[in-house]
Amino acid sequence: KVAQEPQLQLLMFQQALFEGSMHLFVFVWTPTLQGKLSKGSKTDMGDAEPMPLGLVFACFMVAMMIGSRILTMVLHDSGKGGKVADPAIRCRHVVTTAFTLGGVSLASVSSPMFGRTTKVLIFCMFELCVGLYYPSFGTLKAMQIPDDLRGAMSNLFRVPLNLLVVGTLVYAKDLPVKGILHFCAGCLLLAALLSQMSHALEARVRLARGGSDGAKGHADKAGKKE
């Protein structure tokens, strides 16, 4: 099924790239805030006070919750009974935005001009993108994967994800934290490009369906007149 559907292939690689970057983020956010961006460095920052990692993690969870709430607001249309006519289009735009903002966040956080507070805010932006991603991407998968194949497809989608994470962690000992952050940023920006390709394919499918439905409607009207 996946081999015959380019849309499912694009979804699979988008999930692998984003969630792989998210899993790698778990391993690098602490040393990033502690200033250990270069291999073998003890600290690159002059802050002597210990980092309140528990409080920072709580901020991450709040940012993720805000992201999910923003998606609810995006999908709400007060003029049409509370629901948008085609949620897939808005979800696709939200997913592309989350990929792009997440990539920019991880690419910029390693800059030496940013202090710890600024880096925490940038990471919170990334977590907000995670909150946007999960419900919107889940909606897109639910619309494109048949119910009877959803379990098998979910397992299949995790194969490239696990390969990406495990492969990166195997060689992570030879990579500085800054290199892993830039790698994750590149993965997210690539996912944004693939999301744009998915949007083009989805628009083409909607156009084809609209044309076939219109032709069918004209045929029905002609049959009734006869």
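These legends accompany close-up views of the nonpolar core and the aromatic rings in a predicted model. Local features need pLDDT of at least 70 and side-chain atom pairs count only at pLDDT 80 or more, while totals for chains, interfaces and linings use all residues. Residues are numbered from 1 along each chain as its sequence is written, and side-chain values use heavy atoms, leaving out hydrogens and water.

**View 1. The largest nonpolar core has 45 residues.** Such a core joins buried Ala, Val, Leu, Ile, Met, Phe, Trp, Tyr and Cys residues through side-chain atoms within 4.5 Å, where buried means under 20% relative accessible area with a 1.4 Å probe, protein chains only. L106 and F123 have the most contacts inside this core. Two or more residues come from each of α1 (6-33), α2 (53-74), α3 (87-108), α4 (116-144), α5 (150-171) and α6 (177-225); these helices are DSSP runs (H or I, at least four residues), numbered from the N terminus. The biggest contribution, twelve residues, is from α1.

**View 2. Here are the neighbours of F123.** Leaving aside residues up to four places away in sequence, F123 touches F25, W29, T32, L33, F60, L106 and V109 (contact: heavy atoms within 4.5 Å).

**View 3. F25 and F60 form a tilted ring pair.** Rings of Phe, Tyr and Trp (its six-membered ring) pair if their centres lie within 6.5 Å; planes under 30 degrees apart are stacked, over 60 edge-to-face and the rest tilted. Here the centres are 5.9 Å apart and the planes at 55°. The partners, F25 in helix α1 and F60 in helix α2, are 35 residues apart, and both are buried.

**View 4. F25 also pairs with F126.** Their ring centres lie 4.8 Å apart with planes at 45°, so this pair is tilted. It links helix α1 to helix α4 across 101 residues.

Definitions and conventions
Buried means under 20% relative accessible area, exposed over 50%, partly exposed in between (1.4 Å probe, protein chains only).
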